[in-house]
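Here is a quick walk through the packing in this model. Have a look at the sequence and the fold, then read on.

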Amino acid sequence: PKDEIDKSYRRLPHWEQPDVCYFLTFRTIDSIPAEVMNGWKSEREQWLRANGIDPETEDWHSLLEMLPQEVRDGFHERFSKRMHEFLDTNVGECLLRRPDLREIVVEALGHFDADRYQLAGFVIMPNHVHVLVQCLGENRIKAVCYSWKRYTARLIHERLERKGHFWQAETYDHIVRSEAQFEHYRNYIRENPSKGKLREREYALYLPELE
């Protein structure tokens with residue numbers, strides 16, 4: 001129903017719906033340099049205008065959802081895929097290479113699994129995290145993601161004895177709309193460490209058996 005959808009791009013995820021599976025990416029504060037992100041933003045704005053969408057409109061993400069599937073796929077191929085490939089170059093501090101810090105994130109993601117949400121998989125890379133998850137009952141993905149980031153940031157900063165931000169404010173999200181997409185994201189999570197050329201002790205991978 002329309003009234004159950006949160007379309008405000010200022011509060012991610014962009015399309016919050018009950019009973020759907022999300023593929024989420026959240027990244028550390030320094031994972032992509034500002035000049036790179038600004039360049040991508042400028043290119044993205046040009047693409048949106050060329051496809052009849054005003055990028056200054058708060059609702060541009062919902063307008064993007066109304067474009068034909070092949071056009072939306074082109075958008076994600078051009079921008080989302082590029083971001084993921086850049087992240088896999090492991091730039092920035094890459095603090096999640098540290099096993100003790102990575103374990104904080106593992107514990108947070110799994111804490112309410114099968115209670116507030118159902119995890120279908122996650123991978124913790126040196127500077128970002130991918131999660132495939134579906135909320136249960138009245139729980140909503142925005143609140144779940146906020147709790148993950150807030151809890152882990154606090155504990156990690158205590159461990160590092162420093163202050164400030166740990167995660168970027170934004171989360172990159174995709175609603176999983178088919179079994180084929182679901183399997184695609186599971187495979188992406190599975191293969192991400194090898195794409196990033198990581199050794200086993202540099203990442204954490206969780207892919208449960210599914211019924």
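Leu109 touches Phe26, Tyr117, Leu119, Phe122, Ile124, Val129, Val131 and Trp148, leaving aside residues up to four places away in sequence; contact here means heavy atoms within 4.5 Å. Keep in mind that this is a predicted model, where local features need pLDDT of at least 70, side-chain atom pairs count only at pLDDT 80 or more, and totals for chains, interfaces and linings use all residues. Residues are numbered from 1 along each chain as its sequence is written, and side-chain values use heavy atoms, with hydrogens and water left out.

Leu109 also belongs to the largest nonpolar core, which has 28 residues; Leu109, Val129, Val131 and Trp148 are the ones with the most contacts inside it. (A nonpolar core is a set of buried Ala, Val, Leu, Ile, Met, Phe, Trp, Tyr and Cys residues joined through side-chain atoms within 4.5 Å; buried means under 20% relative accessible area, exposed over 50%, and partly exposed in between, with a 1.4 Å probe and protein chains only.) At least two core residues come from each of strand 1 (21–27), helix 5 (99–111), strand 2 (117–124), strand 3 (128–135) and helix 6 (141–160). Helices (H or I, at least four residues) and strands (E, at least two) are DSSP runs, numbered from the N terminus. Helix 6 gives the most to this core, with 6 residues. There is also a second, separate core of 12 residues, and Ala120, Phe182, Tyr188 and Ile189 are among them.

Two packed helices are described by the angle between their axes and the distance between the axes. The axes are lines fitted to C-alpha atoms, for helices over the stretch in contact, and angles run from 0 to 180 degrees between N-to-C directions. Angles under 35 degrees count as roughly parallel, over 145 as roughly antiparallel, 65 to 115 as roughly perpendicular and the rest as oblique.

How do helix 1 and helix 4 cross? The axes of helix 1 (residues 34–50) and helix 4 (residues 80–87) come within 12 Å, crossing at roughly 165°, so the two helices are roughly antiparallel to each other. Val36, Trp40 and Glu43 of helix 1 make the contact with Arg82, Met83 and Phe86 of helix 4. Sorted by class, that is 4 nonpolar, no polar and 2 charged residues. (Ala, Val, Leu, Ile, Met, Phe, Trp, Tyr, Cys and Pro count as nonpolar, Asp, Glu, Lys and Arg as charged, and the others, Gly among them, as polar.)

Helix 3 (residues 69–78) packs on helix 4 at an angle of about 20°, with the axes 3 Å apart, and this pair is therefore roughly parallel. Here Phe75, His76, Glu77 and Arg78 of helix 3 meet Ser80, Lys81 and Arg82 of helix 4. Ser80 counts as buried at 15% relative accessibility, and Ser80 touches Phe75 and His174, not counting residues up to four places away in sequence.

## Loops worth a look

The loop between helix 4 and helix 5 holds Asn90 and Cys94. Asn90 has a positive phi of about 60° although it is not a glycine, and Asn90 is buried, with a relative accessible area of 14%. Cys94, also not a glycine, has a positive phi near 55°; Cys94 is buried at 6%.

Buried or exposed: what about Gly52? Gly52, in the loop between helix 1 and helix 2 (60–65), is exposed, with a relative accessible area of 69%. The C-alpha atoms of Gly52 and Leu198 are separated by 41 Å, and the two residues are 146 residues apart along the chain.
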